Amino acid sequence: MKLEQLGFNSHFAGHFMSYETEGLSAGRVSLEHKNSYIIYTERGETPAIVSGRMHYDAPEQLGFPVVGDWVAAHILDEEPQRAIIHAILPRKSKFSRKEPGKRTSEQPVAANIDTVFIVVGLDHNFSVRRIERYLTLAWESGAEPAVILTKSDLSDAVEEQLSEVQSSAPGVPVHAVSVFEDRRLHQLSDYLTEGKTIALLGSSGVGKSTIVNYLIGKDVQSVQEVREADSRGRHTTTRRQMFVLPSGGLVIDTPGMRELQLWDADEGLAGAFEDIENLARGCRFSDCSHNNEPGCKVRQALENGDLDSARFENYRKMLKELNYLERRQDVAASLIEKEKWKKIHKQVKGLNKGR
């Protein structure tokens, strides 16, 4: 397989030149599982691990490869073939979220994505507010988002739901499809060109694995039924994986995310809620809180019915979440700095004692 088919372009080629002179090979991460990887190279699929130096230099998750990354690797001259990853090439895009749980740290999900398919089922899973949250992270990643509404055969209000999403995602392509009835799936073909990478994001049970199987033309991902009461399904995809499509495009399937917390998404929020940001710029006061201030264009739009109140409340909720996260990051950075100086003072004290 040629690297160009995997998305290798002038951006990555330029960054790889110095590694090529060291005898390393370019590869793209197709599967990530704990501390091991599968990478695609011109010599085929190869199991890989990161070098000891990478482990030492990148103790945090942020410094390790994720699915979609281009890496510089040493392919060992042995059978069966395996490789050692020495470096990650600079990313063109990166989809991240806050790590689940109490820790204030970033969890990269996938890299070098051209288009993010935000997959939502037109059953009990349907939620415009959740779509807005995914859009915020998608815009922040640097990729182009598209909303894929699955299970259109199960809904009696497809056009209304389609219109509702289009109103909350201005300028974003929205497609209502049904894999089982082969309905409107041809609309996805424009995204599946050679070397382009798509990532599927969405909750469990929305049909991401079903779409992957359809695009590939065979069952490579297991599919399970969802509960009729709430349309929730178990995680059929348990790890992130990239597949090469017959069309030449690439698709990354991801596990359903029970917890999707924002991470450093100021620009993404502005992209997902551009209408509200534009209104806010017209307020009389630059620090307007959009409560009771005179000359508030946002309040005026709410009162006139030009701005949906639920959409505005979701915007405020995510803005509050980002502000809280920023404060947590500042506290964490302060504690790290304090601990660093504590160690330095201890070392200095020990040196003075030895004199």
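## Nonpolar cores

A nonpolar core is a set of buried Ala, Val, Leu, Ile, Met, Phe, Trp, Tyr and Cys residues joined through side-chain atoms within 4.5 Å. In this predicted model, the largest such core has 70 residues, and I85 and L149 are the members that touch the most others in it. Helix α3 gives the most to this core, with 6 residues.

Which residues is I85 in contact with, leaving aside its neighbours within four places in sequence? The list consists of Y37, I39, A48, I49, V50, S51, M54, P65, V71, A72 and A73.

## Salt bridges

Side chains of opposite charge can pair when their charged atoms come close. A search of the whole structure finds 8 salt bridges. One of them joins the side chains of R91 and D69, with a distance of 2.8 Å from N to O. This pair links distant parts of the chain, 22 residues apart. R91 is in the loop between β5 (83-88) and β6 (94-98), while D69 is in the loop between α2 (52-57) and β4 (70-75).

Are the two partners buried or exposed? D69 is buried, with a relative accessible area of 0%. R91 has a relative accessible area of 24% and is partly exposed. Residues count as buried under 20% and as exposed over 50%, so the value of 24% puts R91 in the class between.

## A network of charged residues

R129, E132, D275, D308 and R311 are linked in a network of salt bridges. Within it, D308 pairs with R129, and their closest N and O atoms are 4.0 Å apart. The two residues belong to distant parts of the chain, 179 residues apart: D308 is in the loop between α8 (297-304) and α9 (309-353), and R129 is in helix α3 (residues 128-141). D308 is partly exposed at 42% relative accessibility. R129 is also partly exposed, with a relative accessible area of 25%.

Another salt bridge is formed by R311 and D275, with the closest N and O atoms 2.9 Å apart. Here the link is between helix α9, which holds R311, and helix α7 (residues 274-281), which holds D275. These partners are 36 residues apart in the chain. R311 counts as buried because its relative accessibility is 3%, whereas D275 is partly exposed, with a relative accessible area of 27%.

Key
Residues numbered from 1 in each chain as written. Predicted model: local features only at pLDDT ≥ 70, side-chain atom pairs only at ≥ 80, totals over all residues. Heavy atoms only, no water. Helix = DSSP H or I, 4+ residues; strand = E, 2+ residues; numbered from the N terminus. Buried < 20%, exposed > 50% of the residue type's maximum accessible area, 1.4 Å probe, protein only. Contact = heavy atoms within 4.5 Å.
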